[in-house]
Amino acid sequence: MLVRGDTIAAIATAIVPQQGSIGIVRLSGAKAIEIAHTLFDAPGKQPWESHRILYGYIRHPKTKQLIDEALLLIMLAPRSYTCEDIVEFHCHGGIIPVQQVLQLCLELGARLAQPGEFTLRAFLNGRIDLTQAESVAELVGAQSPQASQIALAGLQGKLAYPIRQLRATCLDILAEVEARIDFEEDLPPLDENEVRASLEVVLRQVKDILATADRGELLRTGLKVAIVGRPNVGKSSLLNAWSRSDRAIVTDLPGTTRDVVESQLVVGGIPVQVLDTAGIRETEDTVEKIGVERSRHAAQVADLILLTIDAQVGWTDQDEEIYQQVKNRPLILVINKIDLATAESIKYPSQIKHFVKTAAAKNEGIESLEKAILEIVRAENLTAANLDLAINQRQAAALTRAKVALEQVQETINARLPLDFWTIDLRTAIQALGEITGEEVTESVLDRIFSRFCIGK
């Protein structure tokens, strides 16, 4: 578990050599203001007050050598991100200034923050709950506008609020049951019908929230799409046209692509990782053989296959062989080079339900391809549209335990078992719901969650 009470420091912005106009060094803890006073020279009579920005110079505390011309942001407890005293040195961007400032902060008594430690302190100090903390990381890593909106909804408590309400209802039911166990003679009989109705409402809402898991995962991690086919059917041209770039080398020579080429796109608000694979064929070329094997692996791990064929040649035995290898995956047949084809129709296996025609070299058919992809996403019930919230894998696991426990309570009631048996699964459901918001969470869970954060957040 991370130590609380000391002062932590970290670079809070992405630092790229010779790029970026601003670099921020953030401190949080009891010594933050003291360190700032030691390093920062604010000319004139600028007030050192909370939520003020001071202009001045960062100097070495002993030699008084000028390190940087900077701004200093002050946020005193409890009105800060961590509910502790926070200062931020807003330096010139680049590696050298911010690293020098960070090193001086460490020499003056701060320690380097661990990944996610600023957000962890915000959670431990009660400023945010665990769902909001996870939303911070999801917002930083969002790969599409929709993923960003889902993360913002979580940050605003749109997931925490219904979970707390469900947990409160379960606690009320548990209190009623335990009261009948302890004071049976002094209280009226328990209204089983009311308990059943309350449990049914809670269980239905749990299932509704749980149903957002797959869609939320799609928004967060994206869709992995592999372009496969025999050599020289236009796979690389398709990638270039789709990504509007020259990511892949395009020639008339078969076997040009020797490895898997990746490109990141967004289709209908869904992040898409496109893999342009080497043409699949038997070859004696050692390097190309490795590329073919990687192509086969990419096809097996992809969420969606774009099986690309040449409209001039039509469906060949080699296409059939590749199809047999990938037909167990969601698949779209891409009939490319349609601008060069003389035949109006191409024969292919009737089992293929989704197909598009493209002329990648002329940037034609890309819109139809994206529509076909979204149709398959909707057909798999993974559409990410109109989501107000979406749970992650950890939250889904906890919610699943709550669902199972609540269903067990219902079975216990139906079996006419004693009230003591009711409380066992009710407590399990309450604990599982509490794990989602952090009201009941272990140290190991916190370590696992915050270790995935970047340092400085």
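Tutor: A160 has a relative accessibility of 1%, so A160 counts as buried. The model is a predicted one.

Student: Where is A160 in the secondary structure?
Tutor: A160 belongs to helix α6, which covers residues 160-182.

Student: What does A160 touch, apart from residues up to four places away in sequence?
Tutor: D129, T131 and T437.

Student: And how far is A160 from G434?
Tutor: Their C-alpha atoms are separated by 9.9 Å, while along the chain the two are 274 residues apart.

Student: T131 came up there. Is α4 mostly covered or mostly open?
Tutor: Mostly covered, as eight of the eleven residues of α4 are buried. T131 is one of the buried ones, along with L130, Q132, A133, E134, S135, V136 and E138.

Student: New topic: how many cavities of 30 Å³ or more are there?
Tutor: A search of the whole structure finds one. The largest cavity has a volume of about 80 Å³.

Student: How does anyone see empty space in a model?
Tutor: A probe the size of a water molecule is rolled over the atoms, and this shows where empty space is left.

Student: What classes are the lining residues of the cavity?
Tutor: Five are nonpolar, five polar and four charged.

Student: Which helix gives the most to the pocket lining?
Tutor: α8, with five residues. The helices that each supply at least two residues are α4 (130-140), α5 (145-155), α8 (213-221), α13 (393-414) and α15 (443-450).

Student: And the classes there?
Tutor: The pocket lining has ten nonpolar, six polar and eight charged residues.

Student: Something else: where is E84?
Tutor: E84 sits in the loop between β5 (66-75) and β6 (86-92).

Student: Is E84 buried or exposed?
Tutor: Buried, because its relative accessible area is 14% and the cut-off for buried is under 20%.

Student: What is around E84, leaving aside neighbours within four places in sequence?
Tutor: E84 is in contact with S28, G29, M75, L76, A77, R121 and N125.

Student: Zoom out. What is the whole chain made of?
Tutor: The secondary structure comes to 15 helices and 13 strands. The chain has 457 residues, and 47% of them count as buried.

Student: What share of the contacts between residues at least 6 apart in sequence join residues at least 24 apart?
Tutor: 67%.

Student: Last one: what is the mean pLDDT?
Tutor: The mean is 84, and 85% of the residues reach 70 or more. Residues 247-259 are below 50, and that stretch has 39 contacts in the model beyond near neighbours in sequence. Residues 382-386 are also below 50, with eleven such contacts.

Technical notes. Residues are numbered from 1 along each chain as its sequence is written. This is a predicted model: local features need pLDDT of at least 70, side-chain atom pairs count only at pLDDT 80 or more; totals for chains, interfaces and linings use all residues. Side-chain values use heavy atoms; hydrogens and water are left out. Helices (H or I, at least four residues) and strands (E, at least two) are DSSP runs, numbered from the N terminus. Ala, Val, Leu, Ile, Met, Phe, Trp, Tyr, Cys and Pro count as nonpolar, Asp, Glu, Lys and Arg as charged, and the others, Gly among them, as polar. Buried means under 20% relative accessible area, exposed over 50%, partly exposed in between (1.4 Å probe, protein chains only). Contact means heavy atoms within 4.5 Å. pLDDT is the predictor's confidence in each residue, from 0 to 100. On a 1 Å grid over the protein atoms alone, a cavity is a set of points where a 1.4 Å probe fits but cannot get out, and a pocket is an open set with protein on both sides within 12 Å along at least five of seven lines; lining residues have an atom within 4 Å of a point. Grid points are joined across faces, edges and corners, and a volume is the space filled by probe spheres set on the points.
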